[in-house]
Amino acid sequence: MVRRALIRVRWAAIGCCLVASGCAHQRESTAPPFKPVTTVVELMESVIAHAAEVYWESVQITVDETGEHDRSPQTDEEWESVWAAALTIAESGNLLMMPPRALDDGAWMQFARSLIEAGVEAAAAAQAHDTERVFAAGEQVYNACLGCHTRYIPQ
């Protein structure tokens, strides 16, 4: 009888250990699989600003004393660079939504979604090799950035 009691205690202990290890494993698996390594400012300065500059500089119309000068990608490689910059802009919206970067669940998330949408349109314009669409999409990107900066970086 004592022996049966000891066996029950052992099985109960084993059961508790299994349950406890299952709970610990469950807690570990609920942690996000990503690890943000930059602040919002670092992300803006290192990734987003560089991609935006590549995109905005890809299609330009300059007027000076010698006349009007158009600049646009000429080769497939140049168009691919514009497309890649646009995709970087789009994906950056997702990066801005990740904790701990997301400052709130309201306007911040909407601005981040606007950046994604503008980036997706910018990529489609570049993929189509459409300079007018690239120029217009550049304005959408600018407006998404400006709206967020106006709200979250007051001067």
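**Architecture, cavity and pocket of the predicted chain**

The secondary structure of the chain amounts to 5 helices and 2 strands, where helices (H or I, at least four residues) and strands (E, at least two) are DSSP runs numbered from the N terminus. The model is predicted, and local features therefore require pLDDT of at least 70 and side-chain atom pairs pLDDT 80 or more, whereas totals for chains, interfaces and linings use all residues. Residues are numbered from 1 along each chain as its sequence is written, and side-chain values use heavy atoms, with hydrogens and water left out.

Read from the N terminus, the elements follow the order α-α-β-β-α-α-α. Of the 155 residues in the chain, 25% are buried, that is, under 20% relative accessible area with a 1.4 Å probe and protein chains only, as against exposed (over 50%) and partly exposed (in between). Among the contacts (heavy atoms within 4.5 Å) with a separation of 6 or more, 64% join residues 24 or more positions apart. The accessible surface, from the Shrake-Rupley method with a 1.4 Å probe, is about 10,800 Å², and carbon and sulfur atoms contribute 59% of that area.

On a 1 Å grid over the protein atoms alone, a cavity is a set of points where a 1.4 Å probe fits but cannot get out, a pocket is an open set with protein on both sides within 12 Å along at least five of seven lines, and lining residues have an atom within 4 Å of a point. The structure holds 1 cavity of 30 Å³ or more, and the volume of the largest cavity is about 90 Å³. Its lining includes Met-44, Trp-108, Phe-111, Cys-148 and His-149, with two or more residues given by each of α2 (40–58), α4 (107–127) and α5 (131–152). This lining consists of 10 nonpolar residues, 1 polar residue and no charged residue.

Helices α2 and α5 each supply at least two lining residues, the largest share, 4 residues, coming from α2.

The structure also holds 1 salt bridge, defined as a side-chain nitrogen of Lys or Arg within 4 Å of a carboxyl oxygen of Asp or Glu. The pair is Arg-133 and Glu-121, whose closest N and O atoms are 3.1 Å apart. Because Arg-133 lies in helix α5 and Glu-121 in helix α4, the pair ties together parts that are 12 residues apart in sequence. Arg-133 is partly exposed, at 31% relative accessible area, and Glu-121 is likewise partly exposed, at 28%.

Notes:
Points joined across faces, edges and corners; volume = space filled by probe spheres on them. Nonpolar A, V, L, I, M, F, W, Y, C, P; charged D, E, K, R; others polar.
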